[in-house]
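Student: Could we go through this structure together? I am new to it.

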Amino acid sequence: MTDRYAAYSKLKLDYPADRILRITFSNPESFNSVDGETHGQLTEIWREIDHDPQINAVIVTGEGKAFSSGGDFKLIEEMADDYAILMRVWKEAKDLVYNIVNCNTPIISAINGPAAGAGLVVGLLADISIAGKAARIVDGHPRLGVAAGDVAAIIWPLLCGMAKAKYYLLTGKPMTGEEAERIGLVSLCVEDAELQETALTIAKDLSSGSQSAIRWTKYSLNNWLRSAGPIFDTSTALEMLGFMGPDVREGLASLREKRKPEFDPDCPI
């Protein structure tokens, strides 16, 4: 790995083919959960890629049986307990989405196994998203006791329509890779054994194509996402507000204890 990416030690980086960078979530013992340091590096790397003239395509995937299970319990607890950390993560969460949207380099996600949280942000914002049949895609924010922030409001309705977006985001129900393709949430669903090779084949096709044509097409299409900026900003702000309330503590405790959460049925708003 060149010195350009030396600072991104929490992400596993390699070059599976000429001019193709592969980013792998590499914390398999916890289903590639994202800690505070990883969250920061995942936010910033897209700016680096955007300015790298040697990279024509990026693949994002997960090591082992998972894509990424999202923020780890320690990070969630710190956000609930420390206002400064909460504000830092809020800024990173916004920058992560906008940095991916504004990265001119084509991005392909190969979603293997569970995908949630910050990992799912990359998985669904990728220009071409490919899910294996064993993928388990879920927005777990309501299960945790906070509003669906991250990438939900900016892209789920655009990909799969408002009815399906509301169903899955309000209930927090997971979906398979096949269901995600059926409703339009991902570009493709393939056999798990074919996932990585399919992603690499598409990356090679993009890498060898007209870079100006591909990147300008991506830029134009992403204006749909830029126009939804105020919707996205509201969703992330409300998500962070939830970390200051009581529900997130019950949500986190229930996840640790592997039980159904018992939220207060009386809504304070």
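**Contacts of Met240**

Tutor: Leaving aside neighbours within four places in sequence, Met240 is in contact (heavy atoms within 4.5 Å) with Met79, Leu86, Trp90 and Ala93. This is a predicted model, where local features need pLDDT of at least 70, side-chain atom pairs count only at pLDDT 80 or more, and totals for chains, interfaces and linings use all residues. Residues are numbered from 1 along each chain as its sequence is written, and side-chain values use heavy atoms, with hydrogens and water left out.

Student: Is Met240 buried or exposed?

Tutor: Met240 counts as buried because its relative accessibility is 3%, where buried means under 20% relative accessible area (1.4 Å probe, protein chains only). Met240 is placed in helix H12 (residues 229–242); helices are DSSP runs of H or I with at least four residues, and strands are E runs of at least two, numbered from the N terminus.

Student: Changing topic, where does Asn32 lie?

Tutor: Asn32 is in the loop between strand S2 (20–25) and strand S3 (33–34). Asn32 is buried too, with a relative accessible area of 1%.

Student: Which residues does Asn32 touch?

Tutor: Not counting residues up to four places away in sequence, those touched by Asn32 include Phe25, Gly62, Ala66 and Phe67. A polar atom of the Asn32 side chain lies 2.8 Å from the backbone oxygen of Ala66, and the Asn32 side chain reaches the backbone oxygen of Phe67 at 3.3 Å.

Student: How far apart are Met240 and Glu257 in space?

Tutor: Met240 and Glu257 are 23 Å apart, C-alpha to C-alpha, and 17 residues apart in sequence.

Terms used:
Buried means under 20% relative accessible area, exposed over 50%, partly exposed in between (1.4 Å probe, protein chains only). A polar contact is a pair of N or O atoms within 3.5 Å; within protein, one must be able to donate a hydrogen and the other to accept it, and residues adjacent in sequence count only if both atoms are side-chain atoms.
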